[in-house]
Amino acid sequence: MDFTPTEEQEAARELAARILGDLATHERLTAAGTATDAELWKALSAAGLPAAVEELGLLGLVLLLEEQGRVTAQVPLAATGVYGVLAVARHGTAAQRARLLPALGDGTAVATGAFPATGAVTARDGRLSGSVGWVPWLRDATWVLVPDADRALWLVRAEDAGIEAVELTAPWSAGRLVLDGTPAERLGDREGPGPYEDVLAAARTAFAGLQAGVCAGSLARAVAYTSAREQFGRPLATRQAVQLRAADAYMDTESIRVTAYEAAWRSDAGLDCARAALTAAWWASEAGKRVVHSGQHLHGGMGADLDHPVHRHFLWGRQLDAYLGHGTQLLAELGDLLAEGDPA
């Protein structure tokens, strides 16, 4: 396997880093509150980054999301990329791709997904009924990708569904999705759970990549702070306890990154990636919590300030842990998957 980005992927990552670094400042994020930064989303869309995901693949999306996570930019890039652009490009019909991808690519449409399937949504004659407790970026969405109890995928117009605002740990413009005979469009024409499993694995991988960026940003802030903050005439970063804590956080961050890269590479190569995606999600959940806690602790008393930039990384890290399913749950699912492939 080779995780080296292509020239196109690297160029897209550098462009994203430049735009996000310029616009996703602490002051703008504070002013946005819990809402999406609409101007930043327009800037990313004008640069062609959401549209580029179709060509860059899942690994390219992971690279972009790392840059988003570093600055905790409040834009629906992960949701639109994985539940919109990649899902439609991979599993939509030719007519659906022609109709939906242009708007998703230029940012005039936003997608999200009611994943993972809980069995709470039923389909009958092209209409869906049921509810999903919370869906990220639902309040910004144009389309919602919804799996039914049989794991068939349906596209629902957000304007046709009931949406109740929900505030999460992180500012993801989330909402409760209520479906009551809501008209829906089947994504693609393939029967069976295959498309659902593919989108779920891609989502786990993408959000793991986002967590890698969140952790990298938290650690970078901690390193900068402990290098400048002096105690008893020496920078905190010269203390062995601080160095060891930062080193552990670095290794955890790299573990999240490399497992996300592997899962994305396998997906783009057309290989089975369910186990790799679960592994990446587990690392993002378990190690992610450790890293954002370390980032806050290494700031000492400043880490207790809810208005300090590092606290935002802490909130995102904990929210990603919850969204991915928590480590114990993911590990149990991975064990079941491994057992299915064991002849013994």
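**Helix packing and nonpolar cores**

Helices α7 and α8 run roughly antiparallel to each other, because the angle between them is about 160 degrees and angles over 145 degrees count as roughly antiparallel. The model is predicted.

**Helices α7 and α8**
- Helix α7 covers residues 194-228 and helix α8 covers residues 240-268, and their axes lie 9 Å apart.
- The crossing of α7 past α8 is left-handed.
- On the α7 side, the contact is made by T205, A208, G209, Q211, A212, C215, A216, L219 and T226.
- On the α8 side, the contact residues include V242, A246, Y250, I256 and R257.
- By type, the residues of this α7 and α8 contact are 13 nonpolar, 5 polar and 1 charged.

**Helices α9 and α11**
- Helix α9 (residues 274-297) and helix α11 (residues 327-340) have axes that come within 9 Å and cross at roughly 160 degrees.
- The helices α9 and α11 are therefore roughly antiparallel to each other.
- α9 passes α11 in a left-handed crossing.
- Residues of α9 in the contact include L278, W282 and E286, and those of α11 include L330, L334 and L338.
- The contact of α9 with α11 has 9 nonpolar, 4 polar and 3 charged residues.

**Nonpolar cores**
- The largest nonpolar core holds 80 residues, and Y83, L145 and F207 have the most contacts inside it.
- Helix α7 gives the largest share of this core, 14 residues.
- Leaving aside residues up to four places away in sequence, L145 touches Y83, F115, W154 and V199, among others.
- A second, separate core has 17 residues, including A141, A152, L177 and L179.

Technical notes: Residues are numbered from 1 along each chain as its sequence is written. This is a predicted model: local features need pLDDT of at least 70, side-chain atom pairs count only at pLDDT 80 or more; totals for chains, interfaces and linings use all residues. Side-chain values use heavy atoms; hydrogens and water are left out. Axes are lines fitted to C-alpha atoms, for helices over the stretch in contact, and angles run from 0 to 180 degrees between N-to-C directions. Helices (H or I, at least four residues) and strands (E, at least two) are DSSP runs, numbered from the N terminus. Angles under 35 degrees count as roughly parallel, over 145 as roughly antiparallel, 65 to 115 as roughly perpendicular and the rest as oblique. A crossing is left-handed if the near helix is turned anticlockwise from the far one by less than a right angle, and right-handed if clockwise. Contact means heavy atoms within 4.5 Å. Ala, Val, Leu, Ile, Met, Phe, Trp, Tyr, Cys and Pro count as nonpolar, Asp, Glu, Lys and Arg as charged, and the others, Gly among them, as polar. A nonpolar core is a set of buried Ala, Val, Leu, Ile, Met, Phe, Trp, Tyr and Cys residues joined through side-chain atoms within 4.5 Å. Buried means under 20% relative accessible area, exposed over 50%, partly exposed in between (1.4 Å probe, protein chains only).
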